[in-house]
Each structure stands twice: as C-alpha cells, then as structure tokens.
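Colleague: I would like to go through this structure chain by chain. Can you take my questions in turn?

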Amino acid sequence: MDIHLLENVLFAMVRTGTPLLLVALGAMMSERAGVLNLGQEGMILVGAVCGFIVAYTSHNMGFGILAGVIGGALVSLLFGFIALTLIANQVATGLALTIFGTGLSAFVGAGYVGQSLIGLAPLEIPLLSKIPLIGKALFAQDILVYLAFVLFAGIFVVMRYTRWGLIIRAVGENPEVAHALGYKVLLVRYCAIMFGGAMAGLAGVYLSLAYTPMWSEGIAAGRGWIALALVVFASWRTERILLGAWLFGFASILHLLLQGYGYEISPNLLAMLPYIVTILVLVMMMTRKQGQGNFAPRSLGQPYYPQR
Amino acid sequence: MRIEKRLHDSKVMLYASPLLALLLTLLSGALMFALLGRAPLHSLYIFFIAPVSELYGLSELVVKVTPLLLCAIGLTLCFKAKIWNIGAEGQFVFAAMIGGAVSLQLSESQGFWVLPTVIISGALAGMAWAAIAALLLTRFGANEILTTIMLNYIAVNLLLWGVHGPLKDPNGMNFPESALFAAQTMLPVLFDDYRVTIAILIALFMLVVIWVLLGRTLLGFQLRVMGENHNAARFAGFKSNALIWFVLLFSGAMAGLAAVSEINGPVGQLIPTLSLGYGYAAIIVVFMGRMHPLGILLASFLLGLTYLGGEMSQMELELPKSITGLFQGMLLFYLLACDLLIGYRVVFSNRTLGKHPAIAAAVSTPPVSQ
Amino acid sequence: MRLELLSVTKAYPGCIANDAVSLKVEPGEIHALLGENGAGKSTLMKMIYGVVKPDSGQMTWNDREVVISGPAQARQLGMGMVFQHFSLFETLTVTENIALYLTPAEYGTMALLRERIVAVGEEYGLAINPDRLVHTLSVGEQQRVEIIRCLLQDIQLLILDEPTAVLTPPEVDQLIQVLKKLARKGCSILFISHKLHEVNALCDRATILRGGKVTGTCIPSETSASQMARLMLGNELELQDSMPAGNAGATRLTLNKIDVKPRDTFGIHLRDIALTLNAGEILGLAGVAGNGQDELVDLINGELFPDSGELSFDGKSIAKLGVQARRKLGLGVVPADRIGRGAVANMTLIENDLLTGYVTHGVKPGINWVSWGGLRKRAAEIIAQYKVKATGPEATARSLSGGNLQKFIIGREVAQNPKVLVCFHPTWGVDVGAANLIHQQLIALRDSGAAILIISEDLDELYLLADKLGAICGGQLSPIRAKAEVPLAILGQWMTGEFDAVATQTNSSNMNVEAAHAH
C-alpha cells in the first residue's frame, strides 16, 4: 500500500470532514437542548456567502470568517424567534430556514459567482506534521481545521463535566421540569440555537474560503442534512461525532482512493456515495436503537409552551 | 404587550393567517426593492402583476401551477398524516428520468397506447422512488425527512449521470441533454398557441379525489388521526405501516405525474435543470394552503406566480432570478409566524385585576372566612 | 406564622382555579389541604411555590410579606416541594438531579453532594443509591429522591402534592413516619390530598377547598369524617359506600402463561400472566404505576403481542389478532391517557366517537364511506345520556374538562355494547360527580352481561366496584381472589410483590383495615 496515497487520503478525509464536524457539533447542542433545527443547510449557505463577500471586498480573511459566523448566528436567531417565541412547528420552521437561507444566499451572492479568491493557506505545525501517516492529516491543515479540533474538545468537556452541560441536558430532557426548577428554558434554547448557527456559519465560511475558495449556490451540497444524520449516528454523543464526521468525509473522497488504484467511475455516480452512506447509517442506527432504548433527548422537536 | 392563549383556536385566523403572511411578504419585498435601488411599487408590479397581465402570461401561470399542484396534492396527504415527505423533488427527478427514458424508447412507436404508457411509467417511477423511503421508514424506522432528502440528492446525481451518459442525445453536440421527445409521447395541449396541457385537468381531478378522500372516507379519517396523534391511531387499531406506504406511494405517483407534465409538456426533453425546485415549493404550497384542497389550489397559483415574477424581475429589473427563492422563503416564514395568532392572542393593555373577563364575571361572592 | 395566604386568586380562560383563598400554617404544623380533583389544590401549591403567579392576593412568610418570583426564590426562602408528577430528569442520575435542584454554592462538588445524599437518606430511612439513573427507580424510590433533595436544604416548609397516590400501603406508613419526624424538628408541612383517612392519621389542621374556594378549616382529630366530607364535596353529592355485587357468567377473556419481553429499556417484562374475565363480573387489579399495567393493557388491546402463552376471547385464540379484529369481537378499552390515546385533542367529539366506533357503526363497510350525519346524532346521544358538559358534538376533545371527557369516552365504549371492557384508571383526576356517574355506568354495564377489568391505583375505587381483586407488581400477577377474601393489608402486600400473603394470616403490619371505607 502506497503510504503517500494513504497520507493524502487521510489528509483529505480530515479536511472534508471538518465542515461536517462543525455543523454536527452545533446541531447536537441545539438538539441536546431539545430543539430540532432542520435549517442547517440554509445557515451554512448564509455563512458561506457572507464570509466570501466580506473577505473578497475587504481582502481580509479574518473579517470574512467573522462575517460568516455572525451571518449564521443571525439567521438562526430568526429560526429561534419563530420556533421558540412564536411556538411554531419546528420541522416546518427549519425547512423554512433552509428555503429562505438558500434563496437569500443565492440572491445576495449572485454577483460573486465565479469570482476567485486566494483561499486560506495551510499552517504547518513544525515537527508534528512530519509524523508518518497521520502527521499531515492532523498537523498540516489550515487554522479553521485546528479551530474545529479545539471546538470539539471544548464541547466535549462542557457537555460531560460542567454544570452548563448538565443544564442543557436537563432542558432537552424535560423543559417543564427545568422551568419548575427555575431554569430559563427559552434562554438556554436560544443560546444553543445561536451556537448552532454560528457553527454552521463557520462551516460555510470554511467551504467558501478554504475548502473550495469560491462561492456558488450549491456549495453546501447537502452537508447540512448529512450533519443532521451524523448527530443521530453519534447518538447525540460528542465523541462519536468526530468519528462520524471523518467517516462521511472518507465516503466523500473515496474517489481519490479509487483513482489511486486505477478505477474509473463516473463522477456523478461517485458523488452519490455520501448520501447513500448516510442512508445506510440511518438504517443501522435505527435498527440498533430498537434493542437499546432511545438516546434522543426526550423533548426533541416538541413545542414548549411556557406557563406562568 | 403580551401573548395570551385563546380559549379556542381562532377559525378566522386560520384563514386569515396566509393572507396576512402574503401582506407581510409584499411589504418586505417592497422594502427589499427599495434597498436595492428599485422603485418599490413598480417592482412589486413587475413581480406579481406584470407576468399575468395578458392571456399568454396567464397560460404560463397555469403551466407552472400544474406540477406544483400535482406535487402538493400528494404532499397534502403525507403532511396530514405527519409523514414529512421532503422527497417530492427527488421523486419528481427520478420519475422524469424514467419517463424520459421510456419516451425516448417509444420515439419510433405509434398508437394510442404510447402516451398512457409514458404517463404510467412516470407515475410508477415516482412511486418506486418514494417506496424506498417507505421501506426505510416502516421496516427500519429511519427518519423520513433525512432519508427522502438524501434520496433527492441521489436522484439529481442519477439524472446528471443519465444526461451525461446513456440518455444523452447522440446528435446533440455533446450537450448534457436528451433528444427531444417525439410528438406522440407528448401531452396534448388544450389550446393552440399556449403551452397548457391536459395535465392541469388531471391535477384538478386528483384535487377533487383527495378532497373526498380526506373528508368522507375512513381512510382519510385514519390519516388525519395519525397526523394528530399517532398513539391514538395505534390505540384505535389503525394500521400505521399500511397508511405510511399509502401516502408515500400516492405522493410519489403524484410527483411522477408532475414530472411527466413538465418534461412531456413545456420542456420536451431531459435536461439537468428540469426541476425548478417544484418539490420544495410544493411544501410551501401545502402549508400556505392549510392542507385543504381549495387552499392548495390558490396557494399553487401564488407560488407559481413567484416563478414568473422571478423571470420578469430578471428581465425588467436586472435582478437575479433567485429572488424567487427569497420570496418563497419569506412567505413560509411569515406564515409560520402569523400562525401563532391562531392559538394565541396579542394583548396590548396592562392587564389589571377585574379586567379579565373570567374574573369579572365570576368573582361576585366575598371570600369565605372561618 | 410560617406561611399565610390572604385572599389569593388565580383565573384561567374559562375557569377560576382559586377564588380568594386564605390559608395559615404554623411552624412545625402538619397542615392538610383537602379537596377533590378539580378543587384547585394544585394551582394553589404552584402559586405558593412560585411556578405560577397569582392574579391578586398576598402571601406572608414568617410574618413578612413576600412576592414569590419563581421556584428559585421559594427555595431560597426555605420551601421545598414534592410534586405530584415528579419533577425529575429520568435520564440523569440521582446526584445530577439533586445538583440541578440546588445551586452550586449549596452543594459544592458532586462528590460532596453524593455523600450528603447518602447521609440524609440514612437519617430518615429513605436510603437511595445516588448513582442510579432515575428512570431505573421505582415510583416510590423516585419520590424519595424528591424528598431527600428538599431535606438537603434548610427547609422550613415542605409541600407534598398528593404524595400517597403512587405508594403502596406500607410505603404510605413509612412516609407518614418521615413527615412526623420532620415536623418534630420544626419544619412545617403542607400535605395536599383527597384521602380523608390519611389526613386523619397525619395532620394537625386542615383547610378544605371546593370549586376553588375555601369551604372551611378544621382540626381532623376533632371533626367527624362525614362533616369533612360534606365540606369537601358539598351537600348534594353522596359518595357511594358500596355497590351491588355481580353475578359471574360465562368466561369471556382468558390469559394463560403469557410472557411478554420488554420492547425497550423503559419497559416491564410481563411474566406468567394468568387471568380470567367472566361475564357479569368486575375484576380489579391494584398496583403502583410502572409495574406492567401499561404492557398488560397494550397486550389485551392488541398493540403488543405475547412471546408465549394463550390469549383467548370466547374460547378462540386472539393472540395473533390486531386491534381492529379484537374490537370487532367485542373488546373495548378505555386507556389511562385520555388526551394522549383515548381521544384526539383537536378533533371534535363526533370524530372521537368514530375513533373506536368505526368497527361497529358510522362507516359503510366495503367502501368505508363515513356517514357524519349519523355519527353526529350518536355523539349527541352520548353527551345527553352521560351528562357531558360540552358545547355540543362539535366541541373539541380538549375543550372538555378531564371528568367530562372521561364520561364521553366511557359513554362511547359502553354504547358499543362491548363483551369485555378494560378500564385503565377510569376516574383518575376526575371530579367526584363525574366519578360517581362513571362508577354507575360500569356497574350497569357489568349487570348487562359484560366482563370488566379495572386497573387502578385508587384502592377505594377498586374495593367499591370489584367482585374479584388482585395486584400487579414487577410484571407479575398476584393470586386473584374474591373481594371478601382480600383485606387491605393483603392487597397492600400483593402490591409490593409478596404474593404469598394470604387472607388466613393475621397481618403483622399495623394497617387500619377500616381506613379504606372511611368516607
């Protein structure tokens, strides 16, 4: 087995998995708090277009990244207002966010299609990046990938070991009881939703500024939906999300490996792989769930009617 | 200002909410046009009125309405049962591919059976694609929202593979398109010079069918109960698996008919962009139309208009066509927001004791002292 | 004065939950708040605890006026509440639950908290393992968690909302001991209940609510049971003391050696279930929630299939038949969940009649065409016959009060002339008037030849209606015996799983057997 090929595959896997990791972490936080936000795709696109436009016009990557994150968070606030304060059906509201976000980003970004931008350069960590096999994949990436690692570690600690994590889990399990105990359910949920929006925005920015530095309407390519499936795959556990993101990332770049071995398959057929893998994973998760009980947060997707 | 729960859901708001949402969308649209440096009223006119200001425009509206309405008819049954079939798009695309392949195969054949075969193959293909989701849901419990969306992306890629490969027109200068369909495989138009086909009649017929089904049959009742409370449905002995299969297959067939109405109609061949997102827009139609047959008829005209408006805006106002998606998204958002008013009332006064009707009416006896 | 309420009022759209209620509780006093379902007790408690804001009135705490802004403040003042429907997070551990109840300042570290939980548990005889997930605990153990967490703070007032509704008789005894110990230490106790005999055994004073208003205060030990009942129920209503016995006829439903494995982690394994329902007879099954009753009802209804064993109706096996088929044979089921399963909240009463009625009427077989006209007439008849307070057949299920909806549901089932009727908690949360009517309906149905199974936590109801009694515990059935052979003490032991307890034994516990009939 050619070690260079494998190194490149792992490198691409981590890279491709990064936007999925970011969105899935954000979606997981929302869902742990009990909110099902199906608008991930819309938020990614808004983040991507905001990031691209700001970075392009200001020639400053930092501003662009910030703009993407803020864009994602703002548009998630819209979702939060309608789903939480106006107590609308969460599924429909999430779909509305996807449709609106897709439309808004396409409209706003229409003038920027095809414009080129120099993407984020990789930042090699000396010494560590020379480790055979995994060095390149883990330590020769751009800063957003490193940021994703840091965020992953942070969320893991928060959910497992801090009181905040406990409160989020409580609100997601049973908001009525959480309210009776004096916790501000709506505030917790708003924060979780906005965090999810920020993460999706960050993922979008990664796509338009680092992964394929350009803007196009289809840049998200369903990653928002795949990330939602990822959260189910991970049984809402942080550590499994990393695993899942890399697995899906791998499925997306399988053609690299196949080409390396000389197989030629139509790119359209190969492009279907991540979606097929997602379906398979959903099937696997659901059948496994039958015997082991349901891991989903109990109040996920249910409307919450504050009583006072 | 405060939000207060109503005693009963307001029937008035149930029907007024979509109109209110439309109004808010118009206002936002005007604001948006102004921000873009276009005259607001004129732009709204260009978007909503100009496209249908003459007969040909009206016929084009009907052409857009046909696939929307057909998809919406199928989705109405699904959503009534709370089966969130987001896959109308994929079912549409897959049916188009199969229907198109059949049309190409029959380009040399003659006879009255050709067109029905094409239509049925489209419907069956849509059903087959939806059947995958039904199987995944009933057999494996896989969430239908995610599976149908994944199937959408798979279908689109299948179509791309098709038009770049086996279905490509050999005389087409290597464009990713199929050959034009032969005349006998095309749906007959209702009037010369206009593109409206008999498909709209099929759509209207199916609309009546589901109207009767939902309101007057046990099947319709079972679907409604399943949507309201699936525990109650199971308790009552309604076979949920059978119902799931029914609604998904039915909506798949409707999406298939919609596909045939497009590609064996105005489009006339297989192209990569044969769907303008009808499957997703149909979802908005169903919500705007309150899942009621009359409502979705009206809503499909509204959504159809947004497509024409987008094209018009591109021509007259030099704005990108994607403004259509923006308006559609706004409509749905505003609708969901306005729906709050069905179950809740907005109260502006500071409520003090005695003003609340319940207290005022009933607190008449002094407290009992012991 | 530890706590005083002055003319507190709370109204909701359509009803006044509390109408100028006044209440006084002294330090160290065990005070009962007595009233039937729907009298307004729970709303009052929620206002004291700050979960709900009063529309008017005042509250004083330790003689100073307070306005409770929320549960956190109530806690800080020194109030603790044990809710009727436990306020616990089932997928978290006991320690995590209590940590969420307290503030970080109060408990320090999780490790420290763990130790304190164990210590307090031992001190009061409420031992509990702090690392267990709450959903694995029995209902009685969950209540212990709620009590322990109140005890972990400097508590001056403990409020308990219908605490004994979910306990076995021995557990009730134990709770009474814990509360008495607490009161001796100076903690006031507010004990909400509708069971006179417990209030008599435990409380120093009682405030009685009816229809949202205070109808009187008294000292239970100095007041007769009938006087208290009058204050609780009003003059018009007479509680049934007893019902005529049934006449057993042919066997309608048989369960034999049934085994059903749990379908998920929350489920109970039903083992070796054997049960016979005879025409003209009522079988009562006692049991604390979560011991397999849900599974048993699902099994008979047809939503759950047995892994082994026989299930037959009129001699024919129905183990493989679905719900519809069983309904066609003449099986009716009234589930515990009125709004969750028995009726669809947003649908009209006409549609809700069709929900189970489609098997017997309302639909032309074959083409399955619904005749709404006929259904409307029928729903109107049920409403009239069972005095259901509703605006008409077009009223939605959720616009009805609990009692009225239950009357309609039972009316709809009875109107279908079932051969077998299973009632799960038939009068839970239902006001006395409606409960009486429902009891009469059931007796009438039994006397017309139906076989009835009543599963309930309300022992008074079971003793009133049943001809035969048994209990379910841990997924298994106790022996089933005629009512006369099952005094309360024995039933209590069966409910805790001691199926060997037999009527010939003179019981060793100090239960008051007459308590069950004191009204």
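The questions and answers below concern a predicted model.

Colleague: Start with chain A. How many helices and how many strands does its secondary structure have?

Modeller: Read along the sequence, chain A follows the pattern α-α-α-α-α-α-α-α-α-α-α-α-α-α. The count for chain A is 14 helices and zero strands.

Colleague: How compact is chain A, judged by its radius of gyration?

Modeller: The C-alpha atoms of chain A fill a box of roughly 65 × 50 × 40 Å along the principal axes. The globule rule gives 19 Å for 308 residues. Chain A comes close to that value, so it is as compact as a globular protein of that length. Its radius of gyration is 19 Å.

Colleague: What percentage of the residues of chain A count as buried?

Modeller: Take the contacts in chain A with a separation of 6 or more: residues 24 or more positions apart account for 79% of them. Burial is a separate count, over the 308 residues of chain A. The buried share is 54%.

Colleague: Now chain B against chain A. Which helix of chain B supplies the largest share of the side that touches chain A?

Modeller: On each side of this contact there are 35 residues, 35 of chain B and 35 of chain A. Helix 5 (114-140), helix 6 (144-164), helix 11 (278-288) and helix 13 (323-338) of chain B each supply at least two residues of the chain B side. The largest share is 11 residues, and it comes from helix 6 of chain B.

Colleague: By class, how many residues on that side of chain B are charged?

Modeller: The side of chain B that touches chain A has 24 nonpolar residues. A further 10 are polar. The charged count is one.

Colleague: Is G252(B) buried or exposed?

Modeller: G252(B) is found in helix 10 (residues 240-267) of chain B. The cut-off for burial is 20 or more other C-beta atoms within 10 Å. G252(B) has 32 within that distance, so it is buried.

Colleague: What separates the C-alpha atoms of G252(B) and A130(B)?

Modeller: Leaving out residues up to four places away in sequence, G252(B) touches Q91(B), G126(B), M127(B), W129(B), A130(B) and A131(B). G252(B) and A130(B) are 122 residues apart along the chain. Their C-alpha atoms are separated by 5.1 Å.

Colleague: On to chain C. Which strands are the edges of its open sheet of six strands?

Modeller: The strand order is 6-7-8-3-9-10, with mixed pairing. Neighbouring strands are turned by 20 degrees against each other on average, direction ignored. An edge strand pairs on one side only; here these are strand 6 (79-82) and strand 10 (213-218) of chain C.

Colleague: Which residue is the bridge partner of I208(C) in strand 10 of chain C?

Modeller: Strand 9 (residues 205-210) of chain C runs antiparallel to strand 10 of chain C, and five bridges join them. Within this pair, the partner of I208(C) is G216(C).

Colleague: How many residues of strand 8 of chain C are buried?

Modeller: On one side of strand 8 of chain C, S188(C), L190(C) and I192(C) are buried; on the other, I189(C), F191(C) and S193(C) are too. Both faces are covered. The strand is largely enclosed by the rest of the structure, because the buried count is six of the six residues.

Colleague: Which residue stands opposite I192(C) in strand 8 of chain C?

Modeller: Strand 7 of chain C pairs with strand 8 of chain C in parallel over five bridges. There, the partner of L158(C) is I189(C). Strand 3 and strand 8 of chain C are also parallel, with five bridges. Opposite I192(C) stands L33(C).

Colleague: Chain C is divided into domains. Which helix gives the largest share of the side of domain 1 that touches domain 2?

Modeller: Domain 1 covers 3-233 of chain C, and domain 2 covers 240-330 + 418-519. In this contact, 18 residues of domain 1 meet 18 residues of domain 2. Helix 6 (139-151), helix 7, helix 8 (196-202) and helix 9 of chain C each give two or more residues to the domain 1 side. The largest share, three residues, comes from helix 9 of chain C.

Technical notes:
Residues are numbered from 1 along each chain as its sequence is written. Chains are lettered from A and ligands numbered from 1 in the order in which they are written. This is a predicted model: local features need pLDDT of at least 70, side-chain atom pairs count only at pLDDT 80 or more; totals for chains, interfaces and linings use all residues. Two residues are in contact if their C-beta atoms, placed from the backbone, lie within 7 Å. Helices (H or I, at least four residues) and strands (E, at least two) are DSSP runs, numbered from the N terminus. Ala, Val, Leu, Ile, Met, Phe, Trp, Tyr, Cys and Pro count as nonpolar, Asp, Glu, Lys and Arg as charged, and the others, Gly among them, as polar. The radius of gyration is taken over C-alpha atoms; the globule rule is 2.2 Å times the number of residues to the power 0.38. A residue is buried if 20 or more other C-beta atoms lie within 10 Å of its own, exposed if 12 or fewer, and partly exposed in between; C-beta atoms are placed from the backbone. Two strands pair if DSSP finds at least two bridges between them. Axes are lines fitted to C-alpha atoms, for helices over the stretch in contact, and angles run from 0 to 180 degrees between N-to-C directions. Domain bounds come from an automatic or database domain assignment.
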